[in-house]
Amino acid sequence: MSHKAWMKTVPTENCDVLMTFPDSTDDHTLLWLLNHIRLGIPELIVQVRHHKHTRAYAFFVTATYESLLRGADEIGLRKPVKAEFGGGMRSFSCEEDYIYENIENELYFFTSQERQNIIRYWLENLRAKQGEALHNIHFLEGQPIIPELAARGVIQQVFPLHEQRILKRLMKSWVQAVCEAQPLGRHRLGGHRDPTGRRVGGSLSRSRPPCPPDEICDYFGVKIAMYFAWLGFYTSAMVYPAVFGSILYTFTESDQTSQDVCCVVFAIFNVIWATLFLEEWKRRGAEFAYKWGTLDTPAESIEEPRPQFRGVKRISPVTSAEEFYYPPWKRLLFQCLVSLPVCLFCLSFVFLIMLGCFQLQEFVLSVQELPRVLRFLPKIVLALVVAACDEVYKKIACWLNDMGAQ
């Protein structure tokens, strides 16, 4: 079964993140990982499921509302504060949970994206102890377990589940909507959960007062919402040069002088329009960033390194804390002796293949006795080679990226 088919199934109600395994996974591996998750992350609720047709195993992962609150405090999730406590956005704190909007209502406090983000953070930060090993995989002390198993193919994939009810709502209010603004306001979507963590419903309450929709941000997160906010703003802004250019084209005379004048006028208009577009988007982007609580978030450079980073442990000369370290000279040596030659070889191969197809095209056109169908043979060969090289080069690029980014 394709990995996309999992997203079309109807999972158990209390599931946020799905972890799948190859059909060849043995019981020892499953029990080893399940035991580490339950001991290392007691906040998670993990249910094991087996697909009888593909014989593939999967972990259905979720958490209770109380555990999610502690997780929000741990990752510093920013949530809106009640007006009587100053309003705005603030990192969540369990000690002052009463100051946040909708804290009393499990249905509206966490969005599905926020729940999944907390669970993903826990899973990616499950660390190995000294000397731990699974079959032939030996972990370093403090190394993330799940990203390493995913890189080795032990875990097939870890992904959040879609909520079909919310997707249908977005389909009507966003995808199928014509000449309507994108849902980028303030709205809450999510599933209601009882004290055990079971999701009871996912639709909006009818008794809730109407408010501007914010469905994109609530469901897909701030990054996706910011992209579509920019895309919508850019599309709307393109109306002005399109209308102005159409008017110029309509009323421009056929003589060269009139056309040159209109080109200069249109160029000046585009310069002014581009300047106003950039300045207006700065204001609009800052408005969205403030509303979604990302205006003063820390830069990625001070966040924890990616879990797949490999190296030796050492004491950081800056923070005096343990960290993984990979010597820069080794990275530079790999880039010069491996990455650069491989890239040059791939470019040379593509150039020679393209040159050979051109030569074949000239030869085919020079032979008049050949059938008409064979004249398209060089183009067909070139298309097949490009498609094959695309798959091969994609794997090479991923390997070079992983090895060169150590």
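A charge sits over a ring if NZ of Lys or CZ of Arg is within 6 Å of the ring centre and within 35 degrees of the ring normal. The model I am reading is predicted.

**Entry 1: charges over rings**

I looked up Arg49 first. Arg49 lies over the face of Phe60, at 6.0 Å from the ring centre. Then I turned to Lys79. Its charged end sits over the ring of Phe109, 4.8 Å from the centre.

**Entry 2: aromatic pairs**

How many aromatic pairs does a search of the whole structure find? I noted 22. One that I checked joins Tyr227 and Phe228. Their ring centres are 5.1 Å apart and their planes stand at 75 degrees; planes over 60 degrees apart count as edge-to-face, so this pair is edge-to-face. Tyr227 is partly exposed, at 45% relative accessibility. Phe228 is partly exposed too, with a relative accessible area of 23%.

**Entry 3: a pair between helices**

Next I looked up Tyr234 and Phe277. They form an edge-to-face pair, 5.8 Å centre to centre, with 70 degrees between the planes. Which parts of the chain does the pair link? I found Tyr234 in helix 8 (residues 222–237) and Phe277 in helix 10 (residues 256–291). The two residues are 43 apart, and the pair links distant parts of the chain.

Is Phe277 buried or exposed? Its relative accessible area is 12%, and under 20% means buried, so I wrote down buried. Tyr234 counts as partly exposed, at 31%.

**Entry 4: the cluster**

I then followed Tyr234 and Phe277 into one aromatic cluster.

How values were computed:
Residues are numbered from 1 along each chain as its sequence is written. This is a predicted model: local features need pLDDT of at least 70, side-chain atom pairs count only at pLDDT 80 or more; totals for chains, interfaces and linings use all residues. Side-chain values use heavy atoms; hydrogens and water are left out. Rings of Phe, Tyr and Trp (its six-membered ring) pair if their centres lie within 6.5 Å; planes under 30 degrees apart count as stacked, over 60 as edge-to-face and the rest as tilted. Buried means under 20% relative accessible area, exposed over 50%, partly exposed in between (1.4 Å probe, protein chains only). Helices (H or I, at least four residues) and strands (E, at least two) are DSSP runs, numbered from the N terminus.
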